[in-house]
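Please view the sequence and the model together while reading.

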Amino acid sequence: DRFKAVVSTQSTGEWNGTFDYLMIFDCMHDLPHPADAMKGLKRVLKEDAMVTMVDINTSTDMVKESKNPISAALYNISLHHCMSVSLAMEGVGLGACWGVEKALEMLKEHGGWKEEEISVDLESIVRHAVYRLKKGRGLCA
């Protein structure tokens, strides 16, 4: 009763306003339709609830990212696993190297998150971005 696995795009509303905390670990970029999943995040949260989304820390700018030696491995994994998983399900195929810029853009555009509700930590976990999203009064409240 304290832990639930939910497919937000298949929810019929019974989960609305139910959760205090959501954890998304290294998978948003694998989803066939991440924009739809992002739309569901706020809906299922209680007021003043929180989401932590951990994903790969890359730049959406491939030229900038090519200067990082680990990028070749990340793009290889992304192409052969992440994008393939999404595309096989007729998805958008973002892949692991979708980038912090694209993630923030999508969280705002599709998830409805405001600037003051989002913080991004690029230092705590090597090569990962930790997004903290707080519904309601924002992170500063």
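The side chain of K134 places a polar atom 3.3 Å from the backbone oxygen of D48, a polar contact in the sense of an N or O pair within 3.5 Å, where within protein one atom must be able to donate a hydrogen and the other to accept it, and residues adjacent in sequence count only if both atoms are side-chain atoms. The model is predicted, so local features need pLDDT of at least 70 and side-chain atom pairs pLDDT 80 or more, while totals for chains, interfaces and linings use all residues. Residues are numbered from 1 along each chain as its sequence is written, and side-chain values use heavy atoms, without hydrogens and water.

K134 belongs to strand 4 (residues 128-134); strands are DSSP runs of E with at least two residues, helices runs of H or I with at least four, numbered from the N terminus. K134 counts as buried because its relative accessibility is 17%, buried meaning under 20% relative accessible area with a 1.4 Å probe and protein chains only.

Another lysine, K42, lies in helix 1 (residues 34-44) and is buried because its relative accessibility is 16%. Beyond residues up to four places away in sequence, K42 touches G111, G112, W113, E117 and K135, contact meaning heavy atoms within 4.5 Å.

Helix 4 (residues 100-109) buries V100, A103, M106 and L107. These residues lie on the same side of helix 4 because they cover an arc of only 130° around the axis, taken from the directions from the helix axis to the C-beta atoms. The buried residues of helix 4 pack against helix 1, strand 2 (45-56), strand 3 (118-121) and strand 4.

Definitions and conventions: Buried < 20%, exposed > 50% of the residue type's maximum accessible area, 1.4 Å probe, protein only.
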